[in-house]
Amino acid sequence: MSIRPYRDIIRRKSRQINVGDVAVGGDAPITVQSMTNTLTSDAKATIAQIQALEEAGADMVRVSCPDEASTAALKEIIRETRVPIIADIHFHHKRGIEAAEAGAACLRINPGNIGSADRVRDVVKAAVDNNCSMRIGVNAGSLERELLEKYGEPCPEAMVESALNHARILEDNDFFNFKISVKASDVFLSVAAYQGLAEACDYPLHLGITEAGGLSSGTVKSSIGLGMLLWSGIGDTIRVSLSADPVEEIKAGYEILKSLGLRRRGVTIISCPSCARQAFPVIKTVERLEERLAHIQTPLTLSIIGCVVNGPGEARETDIGLTGGGKDNHMVYLSGLTDHKVATGDMVDHIVELVEAKAAELEALNASDEATEAQVSKQIA
Ligand code: SF4
């Protein structure tokens, strides 16, 4: 029994697959991914976008491969980037083979849509030969005609049946290194489809609410859908689909996972909305801190609270805290305890320095723990 059982999330037991060197499913951390929106054939632009996504913390990145020029560019893209690359293939089995041969770590492909059994066999062979996994991606907007006729409209049962039909084709080819998604732009439909699929198989699930909308509306919609599923233990990798810069998708994905305690990365800022009691401009301060602390990867917490109503309480629970005080004297807390005061003009620079120092301290501690662990394992061996 954990200390705070109301925070426990018991993850669905899924089998584990590999997407390049990143494990998906089983007890692997839930990964965050996004997709480029550059022309894949423009390798330079695509590499730049993938590198920006890597910087933001993407665990893997998907690129569309609609034509031969795109799969031809893949080799260079893969060579110049660190994260595993997922090639998005629709209908053309040749693009799938080319992408696997170019070094894609995963193919997003629906085997039922690429034609004859021979074609499927060829794609599976290319995937096996190149240690490439797959994702079956069912979308409510493009369900097979027979299923629409059978069920009358896109519904959870039709989406699960479609996913299992595609899965069976891969299983018949002795291929099991795949994950599945059943996305819809409707939150209810998507959630119900994922719940059904989670019951029906043990493949790792890639979660997403498709075509969720713009930065703000899409983030809210995705947070509700993905949050509901993740909270109930469903989901092994996520993509937040936004009509926005893909980097925003990564940020939103991490915020969802961080809110549920499923992943920790970077600084989690706890801040108040501000009101007439604020002793310094909270909103502007938080905006500037978010910008200045974006490079920190070490998980730590920071509270920025406008006054003593909630400041001391929040600061007790965070690594570094700031509470607005009278006469331009704001209290800084370290590890939950009052430590010293700072004036508004120096606040942002000072907090950035404190966070950077704390991150360095935690990293050093981590490194020494790892070294001790390695030493102990060596002695036991
Ligand atoms: S913590 Fe203080 S400044 Fe912030 S919203 Fe609450 S009362 Fe207002």
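**Exercise 1.** Which elements do the buried residues of α6 pack against?

*Solution.* This is a predicted model, in which local features need pLDDT of at least 70 and side-chain atom pairs count only at pLDDT 80 or more, while totals for chains, interfaces and linings use all residues. Residues are numbered from 1 along each chain as its sequence is written, and side-chain values use heavy atoms, with hydrogens and water left out.

Step 1: find the buried residues (under 20% relative accessible area, 1.4 Å probe, protein chains only). In α6, Ala-158, Met-159, Val-160, Ser-162, Ala-163, His-166, Ala-167 and Leu-170 are buried.

Step 2: list their contacts (heavy atoms within 4.5 Å). The buried residues of α6 pack against α4 (117–129), β7 (133–139), α5 (145–151), β8 (178–183) and α7 (187–200).

**Exercise 2.** In what order do the strands of the five-stranded open sheet stand?

*Solution.* Step 1: strands pair if DSSP finds at least two bridges between them. The order is β11-β12-β13-β14-β15, with mixed pairing.

Step 1: β11 (267–271) and β15 (337–342) each have a single partner strand, so one side of each lacks a neighbour in the sheet.

Step 2: β11 and β12 (residues 300–305) run parallel, joined by five bridges. Ile-269 stands opposite Leu-302 in β12.

How values were computed
Helix = DSSP H or I, 4+ residues; strand = E, 2+ residues; numbered from the N terminus. Buried < 20%, exposed > 50% of the residue type's maximum accessible area, 1.4 Å probe, protein only.
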